[in-house]
Protein chains: 2
Amino acid sequence: MNKMLLQLGINAKEAENTMRTITTDQKNQVLAAVADHLIASTDKLLEANAVDVANAKQNHMPEGLVDRLMLSPERIEGMAEGLRQLVALEDPIGEVTGMKKRPNGLLIGQKRVPLGVVGIIYEARPNVTADAFGLCFKTGNVVILKGGSDAIHSNEAIVDCIRESLKACGITENAIQLIADTSRETAAEFMKMNEYVDVLIPRGGKGLIKAVVNQSTIPVIETGTGNCHIYVDESADLDMAVNIILNAKTQRVGVCNACESLLVHANVKEKLLPVLAQKLKEKHVEMRADKEAHELMPGSVDATEEDWGTEYLDYILSIKVVYSVDEAIAHINHYNTGHSEAIITNDYTNAQKFLDEVDAAAVYVNASTRFTDGFEFGYGAEIGISTQKLHARGPMGLLALTTTKYIIYGNGQIRR
Amino acid sequence: MNKMLLQLGINAKEAENTMRTITTDQKNQVLAAVADHLIASTDKLLEANAVDVANAKQNHMPEGLVDRLMLSPERIEGMAEGLRQLVALEDPIGEVTGMKKRPNGLLIGQKRVPLGVVGIIYEARPNVTADAFGLCFKTGNVVILKGGSDAIHSNEAIVDCIRESLKACGITENAIQLIADTSRETAAEFMKMNEYVDVLIPRGGKGLIKAVVNQSTIPVIETGTGNCHIYVDESADLDMAVNIILNAKTQRVGVCNACESLLVHANVKEKLLPVLAQKLKEKHVEMRADKEAHELMPGSVDATEEDWGTEYLDYILSIKVVYSVDEAIAHINHYNTGHSEAIITNDYTNAQKFLDEVDAAAVYVNASTRFTDGFEFGYGAEIGISTQKLHARGPMGLLALTTTKYIIYGNGQIRR
């Protein structure tokens, strides 16, 4: 193994041991100190970021990505605010649940503990650096960051700040380490460091996530894409339906919980679709409709097979007419990405059926898919939204960065 | 992709949809029917198994493995009994937990659901075939089995029985499918079928588990090896210590929760080690001791560095003298495999420290490591013992084969 990576791994394991004894008070003190120090270092951070931004522009990075890369005093304030909010959240570490006495007298319970060493692989978004540190640190985890090469100067400056604050608080600086070498080869090696890294979380677009899932031998928490559907049942309140569809499609288009595809029961298509088409047009949403919907939606274009499986992340909506809740469920389970799905209905049986049978992280009755979010669900912080089924599914709060261990109190028990 | 595998995947996804609506009564009916049918098919199963056993002997398979491969009327009765026990267990599927009203009126809860399609990769142990089916079926999962080539005739016969029972009960036969092609190439392809398989569980030795972890792009539940330690603190009741060490080392040696390494505080080495050496000798346990322990244990040999990291699964024990609970914890966290670790002590602070700081799935005070087991922990069934930190850690009961989805009841909520 690459010597630099090996050293990082050894450092992380050492830091992990000291993190097992850290108290919530100590963690909160560090989080507050880092927040203050980031703001006090605004000039330094902006200077480092300016180098990245200049390089990015020279390399013709698309404008949207340059915007995500760019820091400002407000954005630095935002990073600090995120850390301060973590201070206020309850520390999940140390809780013991389900403690029970077994017939042989053993007292067995499960204690919540950190995962250990968390690897984060992300793209050119410097705010993820502070954000990921805060979430991992509050849960007692050591973090190794592998950010995009385009943000390396910004990331180094932020990590320096954090390490300085850790040192000032008397906590091991290796609670956070940044992989300075941003090459693909190093990333590939990092993803196979099972001996040193307990879990890998990719944060970024589809391509990054796929690359990590395919290459990593370390367990991965997959945060995913969302091809989210809304199904309007024949018993739906159509005003409510229009309201929810517009919200889920247009309130923010570039996000994973936005609606990408609409299914409408044939018995309400004539009442709903012309009205909806008008509203969607006002919001500049391109409509890609199947034959039946197309006839009722002026301005729509024909959908292709590809449309049913596409997450647009844009002002585009695919529309299909179906003849039953069963057809809607089958279509969704075939094309969805397991993120968020909604039914608009006033029928009790169909509502329960949809909740039971749709396979997704979050299934809604009569509400916008846009609520699938750690803050909206009341977790106070979010690491991402898991679309896999192991460990965590749906919006992930602090708990997703923890595991449990069994603790057993005996008085000499042996197995017969 | 291999056409045969693709068809298996498609079949499994179809079966998954029907499994979402199956009731506990239906599941229990099938489990009981399979149990009866296996016993009624004893002759057929023994006949198929005889072919495997004859081939294995011709291929000079080691005796211990032939024994694991071999079926008998008693072993078939055992498989049936395992399925009947599952009938009596509570069905975890469908429970809704943590349902809470958010400030905007949304009612959000988590519903326990099956993982979906579970892949099991295992070696030449036909009993795993019935066992894995039972656990997966009780939790509403569809299972695809990839057994070892040495057991193919036995596995086919068992799967035929199960599918016949499913059909007789009116449930899709594709709730279980066996991969008939036992080649490595097919196994390698199977491990990359992320679109069709939700989780992969390897059941077998170290080599098999490592191969699956390294090759699979599907999330894996790793059931692992156990380099388990017992640390005898200076305040320990030494009679209790001897009792527990002998139990953990010799009650059954070939299992992952057996003790492989002993750490003894220097202040009790003279009282404990000579007595212990005598007892271990009586049980024919080879002692591999560090220099200090060696002097006090007649008949012991010198331990090498390699011994500290070795899971013997045999009548061998490594022994080391340490000078503090901290040294014991550091040694364990360096060499252990995250399975089961025990301290024998009467010191409150050291007991709590050991429970807090040792990084393992199960940490004991004053009890044998041999208790790390789904049945001993009261789960009534066991899929395996997870030594990884994601999803499930320690003995895995039925819950480990489930996930949750958020269900949300609204009345028109949109996001602002």
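Start by selecting Asn2(A), which caps the N-terminal end of helix α1(A): one of its side-chain oxygens sits 3.0 Å from the backbone nitrogen of Met4(A). You're looking at a predicted model, where local features need pLDDT of at least 70 and side-chain atom pairs count only at pLDDT 80 or more. Residues are numbered from 1 along each chain as its sequence is written, and side-chain values use heavy atoms.

Next, select residues 3-19 of chain A. That's α1, a helix (a DSSP run of H or I, at least four residues). Its 17 residues reach 24 Å from first C-alpha to last, close to the 24 Å expected at 1.5 Å a residue; the expected span is 1.5 Å times one less than the number of residues.

Now colour its buried residues (under 20% relative accessible area with a 1.4 Å probe, protein chains only; exposed is over 50%). Among them are Leu5(A), Leu8(A), Ala12(A), Ala15(A) and Met19(A). What covers the buried residues includes β3 (117-122) and α6 (127-138) of chain A.

Stay with α6 and pick Lys138(A). Which side chain of opposite charge is nearest to it? That's Asp91(A), 5.9 Å away, and Lys138(A) is buried yet has no salt bridge (a side-chain nitrogen of Lys or Arg within 4 Å of a carboxyl oxygen of Asp or Glu). Instead, look at the backbone oxygen of Val87(A), which the Lys138(A) side chain reaches at 3.2 Å.

Methods: Chains are lettered from A and ligands numbered from 1 in the order in which they are written. Helices (H or I, at least four residues) and strands (E, at least two) are DSSP runs, numbered from the N terminus. Contact means heavy atoms within 4.5 Å. A polar contact is a pair of N or O atoms within 3.5 Å; within protein, one must be able to donate a hydrogen and the other to accept it, and residues adjacent in sequence count only if both atoms are side-chain atoms. Lys and Arg count as positive and Asp and Glu as negative; His and the chain ends are not counted.
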